[in-house]
Amino acid sequence: MQIEEVIIVRQNDSFVALLILEVHMSENANASSAPNQSVEINAPIKKRRILLKMSGEALMGDSAFGIDPATCAAFAKEVKEVYDSGIEVCLVIGGGNIFRGISGAAQGMERATADYMGMLATIMNALAVQNALETIGVPTRVQSAIQVSSICEPYIRRRAQRHMEKGRVVIFAAGVGSPFFTTDTGAALRAAEMGCEALYKGTSVDGVYSADPKKDPNATRYDNLSYTEVLQKNLRIMDATAISLMRENAIPIIVFNIREKDRLKQVINGQGICTTICGK
Ligand code: UDP
């Protein structure tokens with residue numbers, strides 16, 4: 001018996017693999033039987049699922065603040081290509097293009113209040129990306145870690161799982177829903193909760209460098225790093241809470257330049273310039 005063909009079909013809102021098996025009958029088999037028979041077996045297949053984290057600044061384009069519609073549309077197109085290739089996509093977008101709690105605190109605001117404003121900024125970005133994705137035909141849901149029930153769903157893990165099984169991109173807004181955290185930690189938490197194979201962190205440089213490449217011409221890029229090296233070298237690509245959470249759950253982090261056209265697709269296919277963080 002050998003597999004002749006594998007067809008992926010959608011059945012009851014989930015994907016199954018239809019295996020067409022060729023069964024070779026013995027030469028003494030009943031003459032009325034066909035020498036070869038095709039048997040169909042339904043076997044559920046596991047789709048790839050990734051979490052893509054992008055900083056709010058990546059939505060600014062060349063502006064100094066806010067959301068640039070053309071940049072947002074270009075990002076949505078990149079996500080669509082990944083989605084169209086059959087990969088389940090979770091998205092987390094920061095809020096630094098609008099408001100960062102730490103900046104508010106530096107100007108005299110109470111830190112927790114400033115952080116809640118930062119979380120609201122991430123919801124605005126999530127809605128902008130939702131709009132850009134749905135404009136090009138990608139079904140989405142926004143789930144927020146703080147309740148804003150008039151505009152999006154609250155975060156409910158099992159509901160998010162179901163959305164993804166139904167072929168929707170889920171955008172997780174408001175980080176972990178508490179002040180004193182970042183959207184990197186929110187992304188790490190959701191990646192673990194949703195069982196993502198990897199966390200792709202889109203930045204404005206093409207990986208993790210020994211120093212800031214925009215300031216230090218001698219800065220070198222790492223191809224690979226362990227979670228512990230990132231923490232020990234204090235490389236600040238993500239906050240320590242996020243790195244620790246990824247280390248505990250052994251989820252690789254791939255850092256790449258989201259501003260480069262097609263780079264997202266390349267790194268997801270194991271190509272393109274990036275830094276991979278994995279291993280103790
Ligand atoms: N924030 C928060 N808790 C969270 C996630 C975000 O308080 O779980 C606030 C915090 O003030 C942060 C702001 O939201 O500065 C925007 O998020 P972040 O700085 O992570 O955005 P990014 O740098 O990725 O654009």
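A nonpolar core, as used here, is a set of buried Ala, Val, Leu, Ile, Met, Phe, Trp, Tyr and Cys residues joined through C-beta atoms within 7 Å. Buried means that 20 or more other C-beta atoms lie within 10 Å of a residue's own; exposed means 12 or fewer, partly exposed is what falls in between, and the C-beta atoms are placed from the backbone.

Keep in mind that this is a predicted model: local features need pLDDT of at least 70, side-chain atom pairs count only at pLDDT 80 or more, and totals for chains, interfaces and linings use all residues. Residue numbers start from 1 along each chain as its sequence is written.

Now for the overall layout. The protein chain has eight helices and 14 strands, where helices (H or I, at least four residues) and strands (E, at least two) are DSSP runs numbered from the N terminus. Of its 280 residues, 36% are buried. Count the contacts with a separation of 6 or more, and 64% of them link residues 24 or more positions apart; a contact here means two C-beta atoms, placed from the backbone, within 7 Å.

Nine strands form an open sheet with mixed pairing, in the order 7-6-8-5-4-9-13-14-12; two strands pair if DSSP finds at least two bridges between them. Strand 7 (153-154) and strand 12 (224-225) sit at the edges with a single partner strand each, so one side of each has no neighbour in the sheet. Strand 13 (residues 253-257) and strand 14 (residues 275-277) run antiparallel and are joined by three bridges. Ile 253, for instance, has Ile 277 as its bridge partner in strand 14.

What about the core? The largest nonpolar core has 69 residues, and Leu 91, Val 129 and Leu 199 have the most contacts inside it. Helix 3 gives the most to this core, with nine residues. Leaving out residues up to four places away in sequence, Leu 199 touches several residues, including Leu 51, Ala 188, Met 246 and Ile 253. Met 246 belongs to helix 7 (residues 240-249), where Ala 242, Ile 243, Leu 245 and Arg 247 are buried along with it. The cover over the buried residues of helix 7 includes helix 5, strand 9 (198-203), helix 6 (227-232) and strand 13.

Just after helix 3, Gly 137 takes a positive phi of about 85°.

Helix 3 also matters for the ligand shell: five residues come from it, the largest share. Helix 2 (101-106), helix 3 (111-135) and helix 5 (183-193) each supply at least two. In total 23 residues surround the ligand, with Gly 94, Gly 96, Gly 101, Gly 118 and Gly 175 the closest; to be near, a residue's C-beta atom, placed from the backbone, must lie within 6 Å. The shell divides into six nonpolar, 13 polar and four charged residues.

Finally, some backbone angles. Most residues other than glycine have a negative phi. Ala 174 has a positive phi near 70°, and its place is the loop between strand 8 (169-173) and helix 5. Ala 174 counts as buried because it has 28 C-beta neighbours inside 10 Å. Arg 236, in the loop between helix 6 and helix 7, has a positive phi of about 55°. Arg 236 is exposed, with 11 other C-beta atoms within 10 Å.

Methods. Ala, Val, Leu, Ile, Met, Phe, Trp, Tyr, Cys and Pro count as nonpolar, Asp, Glu, Lys and Arg as charged, and the others, Gly among them, as polar.
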